Amino acid sequence: MAWAIKEQVEKNWSEPGDFSGLSVAFLVKVDRQGNVLSVKMTRSSGNARLDESAENAIFKASPLPFPGEARFYEYLKEFNFVFKPES
Amino acid sequence: MTSKKVTSIKGVQYAFMLIVVVAMATIPPGTAAGALTIEITQGEKSGIPIAAVPFRWHGTGNPPENLRGIVAADLHRSGRFELLPPADFLSRPSEVSEVRYKDWRLIKAEALVVGRITEKGPDRFEVSFQLLDVYRERVKVALRYTASADQLRQVAHQISDRIFYEMTGIKGAFDTRIAYVAMNITEENDRVYQLMIADSDGHNAQQILKTTNLPVLSPAWSPNGQWLAYVSFSDNRSGANVWLQDISTGSRRPVARFDGSASAPAWSPDGKSLALTVSAKGNTDIYVLGVSSGEMRRLTKHPAIDTEPAWSPDGRYLVFTSDRNGRPHIYRVSRNGGKAERLTREGKENAGASYDPIGNRIVLVTNRGQGAGYQIGVFYPESGRTDVLTDGTLDESPTFSPNGAMILYATRMGSEGVLAAVSADGRVRQVLKVTDGDVREPAWAASR
Amino acid sequence: MQRIWTILMVLFLGVTLAGCAASKKKGGTVEVEDATIGGTGAEVITDASASAVDSDDATAGEIITIDQDDADMDDPLGRRVVYFDFDSSNLTPEAQRVVEAHAQYLFNNPGMAVVLEGHADERGTREYNLALGERRANSVSEIFQAMGVAPDAIRTISYGEERPISMGQDESAWSLNRRVEILY
């Protein structure tokens with residue numbers, strides 16, 4: 001599941017340029033269907049274009065691929081996403 | 001969680017639980033403790049999805065120019081954007097007050113371009129445009145221009161430049177000019193050469209020189225965009241010479257008189273010197289000429305062919321083509337002369353090199369051997385690596401855009417020469433619509 | 001009778017082709033235009049017309065008396081073009097023979113001026129080919145000088161890949177374009 005989520009976000013992330021060496025972190029809250037409810041930037045990369053493109057990727061990836069079983073929701077209702085572009 | 005609980009979960013789910021455990025053990029700074037951390041290292045290289053709505057026309061008859069079309073073509077050609085098809089648009093707003101951001105999130109646009117053209121008087125138009133951030137629901141740029149009909153293409157390129165900068169952080173280079181040579185063979189079998197200047201997309205072409213049966217090649221812009229240096233022949237008895245032409249007045253002169261021939265002009269970044277190739281008594285070497293002083297300084301002295309000089313952006317070095325080790329390869333020499341250092345070792349031959357505006361990359365014509373022909377490559381002097389960007393068999397004359405994001409070059413379509421643009425990462429290639437016959441030798445000006 | 005007609009046809013074609021080749025060498029003209037917006041039309045500032053350079057059709061009239069099979073192929077003086085290998089300015093033994101015959105002729109006829117026009121095929125960059133054409137012309141010039149032709153009588157010009165004889169894009173076309181023309 002984590003891999004599926006990672007893949008889905010990567011697929012929706014259009015890197016606006018080469019920002020290797022920088023990283024930006026988000027705390028993301030989702031509902032039981034995987035819909036992104038809120039995205040909070042917990043650490044900026046210092047580059048607004050990278051920060052915004054990463055945030056866009058999370059929104060565009062919504063709803064995230066979620067396991068059908070309700071009991072996993074406890075582990076998945078909140079994530080950290082760290083975007084760390086490699087060249 | 002207990003170990004009993006973990007073992008009760010099977011297969012993929014077990015793997016997932018492990019990731020959760022690992023993630024919780026190594027929490028990166030700036031992330032919330034207790035939550036799963038997913039690291040994203042690779043994005044899609046397909047470009048930023050952007051929606052450009054056809055500009056709304058307020059006037060009589062048809063709009064004088066398709067501004068949306070020009071902007072979309074510019075952005076697409078750069079390779080940095082994915083233009084979403086207008087057929088998918090749920091609405092056609094022309095300014096921010098008409099925008100329902102949700103419509104654009106549904107088609108996964110990250111940015112939205114809206115605008116209008118208003119007829120204000122005879123041959124007077126007002127263009128307004130806005131670049132909108134779809135997810136943060138805000139205006140990134142709003143601009144207004146007043147222009148005559150024949151200035152509208154330039155307005156569109158300026159809009160493209162602004163969007164390119166806002167989205168990538170790199171200065172746009174659409175509102176710039178290029179030079180190239182067109183050749184046509186007449187019914188009388190004469191070869192007519194035209195030196196042309198056009199917008200960066202090949203439109204608005206203007207002839208600045210026409211010769212019959214006297215070849216024209218290697219145009220080079222002065223850094224201030226006022227002069228073109230090029231190679232031509234004054235008659236059928238003299239060898240090639242380098243000419244200087246003032247593009248606003250049309251006046252031209254040979255840069256100097258040589259005992260032999262001169263070619264391959266390259267302006268120094270300060271515009272004060274021209275590096276060029278002089279062939280005298282069968283030996284071809286590189287010289288530096290003071291443009292106003294007329295003073296000549298010899299840079300290389302080797303019995304082999306040394307040609308195609310190009311300056312590094314800081315003016316300290318020149319790269320050039322030499323066959324001193326058999327096949328043509330790229331060498332580098334200090335602007336003060338001295339020993340030349342070989343740069344390219346990969347491939348069968350490399351030629352026609354020039355630097356990007358920063359000085360990190362060198363674009364060149366490369367032949368990888370095994371009958372592969374000639375393609376455009378980007379060579380990284382630091383690592384010695386070459387990325388081949390094109391797949392023609394006779395691609396040549398590569399020239400970086402002034403922002404280093406694109407490369408213009410000459411290629412063949414059938415037997416006809418055409419100009420093509422490739423994004424510096426090689427992902428997007430597009431032939432420019434130039435219809436002047438057999439077209440070659442593009443040179444991208446540093447400014448408009 | 002049939003044979004005579006064939007020969008006449010061949011000769012006619014030969015003269016026609018030579019005429020085409022010669023027409024390419026017409027004097028050049030130059031026009032310069034003002035590139036500012038709203039600039040006026042062409043202004044001819046230079047008429048650099050040079051007289052047509054003699055082409056290799058001078059002997060066409062004489063061939064009639066010679067048997068077709070050995071017509072000017074055996075006479076190196078009848079050949080005004082020598083060909084080169086790819087990216088090479090070395091003369092083949094065949095080319096050497098032709099160049100030496102012309103050198104001999106020019107040595108015996110002092111006062112004649114000769115132009116050596118170097119050319120290249122389209123492969124490789126235009127500027128490199130300009131230098132390559134120069135080097136080819138020079139390798140002919142060196143033999144001329146070694147055989148006593150006055151350096152002042154020799155002029156070398158390179159057109160690089162700009163004046164191909166054959167417009168094709170294969171080896172048969174390229175091999176015709178890698179050449180030096182000996183013009184006097």
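Author: Let's start with the word "contact", which means heavy atoms within 4.5 Å. By that rule, 40 residues of chain B are in contact with 39 residues of chain A. Before going on, two bits of housekeeping. Residues are numbered from 1 along each chain as its sequence is written, while chains are lettered from A and ligands numbered from 1 in the order in which they are written. This is a predicted model, where local features need pLDDT of at least 70, side-chain atom pairs count only at pLDDT 80 or more, and totals for chains, interfaces and linings use all residues; side-chain values use heavy atoms, leaving out hydrogens and water.

Back to chains B and A.

Now for charges. A salt bridge needs a side-chain nitrogen of Lys or Arg within 4 Å of a carboxyl oxygen of Asp or Glu. The interface of chain B and chain A has six salt bridges, and one of them joins A:Glu52 to B:Arg136 at 4.0 Å, N to O.

Which parts of chain B do the touching? Helices (H or I, at least four residues) and strands (E, at least two) are DSSP runs, numbered from the N terminus. The elements that supply at least two residues each to the side touching chain A include helix H2 (11-25), strand S1 (36-40) and helix H5 (152-168) of chain B. Sorted by class, that side has 18 nonpolar, 10 polar and 12 charged residues. Here Ala, Val, Leu, Ile, Met, Phe, Trp, Tyr, Cys and Pro are nonpolar, Asp, Glu, Lys and Arg are charged, and the others, Gly among them, are polar.

There's strand pairing too, which takes at least two DSSP bridges between two strands. Strand S3 (residues 78-83) of chain A runs parallel to S1(B), with five bridges joining them. In that pairing, A:Phe79 has B:Leu36 as its bridge partner.

Next comes chain C. On this side, 60 residues of chain B are in contact with 46 residues of chain C, and about 4,600 Å² is buried, with carbon and sulfur atoms giving 49%. In chain C, C:Arg126, C:Glu127 and C:Tyr128 lose the most area to chain B, together 15% of what that side buries. The rule finds five salt bridges between chain C and chain B; B:Arg440 and C:Glu162 form a salt bridge, with their closest N and O atoms 3.5 Å apart. Polar contacts here come to 14 residue pairs, both residues at pLDDT 80 or more. Helix H3 (126-146) of chain C is among the elements that give two or more residues to the side touching chain B, and H3(C) gives the most, nine residues.

Strands meet here as well. Strand S10 (residues 206-212) of chain B runs antiparallel to S1(C), joined by four bridges, and B:Thr211 stands opposite C:Val30.

Technical notes: Buried area = accessible area lost by both parts, 1.4 Å probe. Polar contact = N/O pair within 3.5 Å; in protein donor to acceptor, adjacent residues only side chain to side chain.
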